[in-house]
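Visitor: I have a model open here and would like to talk through its architecture. Could you take my questions as they come?

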Amino acid sequence: MRVVVQDKYYLRDLHREIDLYDRKLIHLQKHEVFATETLREAAVKKMATKRETLVATAKSLAASGIEYQESELPRSFRPEGWTDNLCQHDETAASVEEVEAAASALRSTEGMSVFGKKVNYLQQQALREEESPLAIALGSWQDDLAAYKKRRQKTALAAAI
């Protein structure tokens, strides 16, 4: 029988799973198509029950003294107006100008395939809806892409020297 070690890594995974369930609940409530409203409510209730079980486990682990980082908390656990201060000191973090340059490159549609144009359209649509989980996800992958490109340039320069 598998024994689950309840340590800080298990708590981090629980926080990630709670964040996933939060996004799934938003999707069920706003975007999923159901035959009746009763079916929607049943699906939301089922998902919320699973999420609440995870929340209770995470809170009991945190109360028992297992350490965690504030940046690993699910968005629903974070206080209003919370910002991640760790990103400001990270050398690989992209500057605002780099992110805007990457975003503007994504917006240009010249020489872009039909699929690329559709992805671009979905990005623009998601960015218009500030509370959209898709907008949050798009922003995070764009930041990751800019940081990756910056690291890639550093390694290419180091290899050339």
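Visitor: What does the secondary structure of the chain come to?

Guide: This is a predicted model, and the secondary structure of its chain comes to five helices and zero strands. Read from the N terminus, the order of elements is α-α-α-α-α.

Visitor: How much of the chain counts as buried?

Guide: Of its 161 residues, 20% are buried. The chain exposes about 12,100 Å², with carbon and sulfur atoms supplying 56% of that area.

Visitor: And what share of the contacts join residues at least 24 apart?

Guide: Taking contacts between residues at least 6 apart in sequence, 58% join residues at least 24 apart.

Visitor: Let us turn to α1. How many residues has it, and what span does it reach?

Guide: α1 has 23 residues and reaches 33 Å from its first C-alpha to its last, close to the 33 Å expected at 1.5 Å a residue.

Visitor: Why does the span of α2 agree with expectation?

Guide: α2 has 27 residues, which at 1.5 Å a residue should span 39 Å, and its end C-alpha atoms are 38 Å apart, so the two values agree. Just after α2, Gly65 takes a positive phi of about 105°.

Visitor: Where does the largest nonpolar core come in?

Guide: That core has 13 residues, and those with the most contacts inside it are Leu11, Leu14, Ile18, Met47, Leu54, Ala58 and Leu61. α1 (8-30) and α2 (37-63) each supply at least two of its residues. As a general matter, nonpolar side chains in soluble globular proteins tend to be buried together.

Visitor: Staying with Leu11, what is it in contact with?

Guide: Apart from neighbours within four places in sequence, Leu11 is in contact with Ala58, Leu61, Ile66, Glu67 and Tyr68.

Visitor: Changing topic, how many aromatic pairs are there?

Guide: A search of the whole structure finds zero aromatic pairs.

Visitor: Which charged groups sit over rings, then?

Guide: Lys24 lies over the face of Tyr21, 5.2 Å from the ring centre. The charged end of Lys59 sits over the ring of Phe77, at 5.8 Å from its centre.

Note on methods
Residues numbered from 1 in each chain as written. Predicted model: local features only at pLDDT ≥ 70, side-chain atom pairs only at ≥ 80, totals over all residues. Heavy atoms only, no water. Core = buried A, V, L, I, M, F, W, Y, C linked by side-chain atoms within 4.5 Å. Buried < 20%, exposed > 50% of the residue type's maximum accessible area, 1.4 Å probe, protein only. Helix = DSSP H or I, 4+ residues; strand = E, 2+ residues; numbered from the N terminus. Contact = heavy atoms within 4.5 Å. Phe/Tyr/Trp six-rings, centres within 6.5 Å; stacked < 30°, edge-to-face > 60°. Lys NZ or Arg CZ within 6 Å of the ring centre and 35° of its normal. Expected span 1.5 Å × (residues − 1). Areas by Shrake-Rupley, 256 points an atom, 1.4 Å probe, with all protein chains shown as cover.
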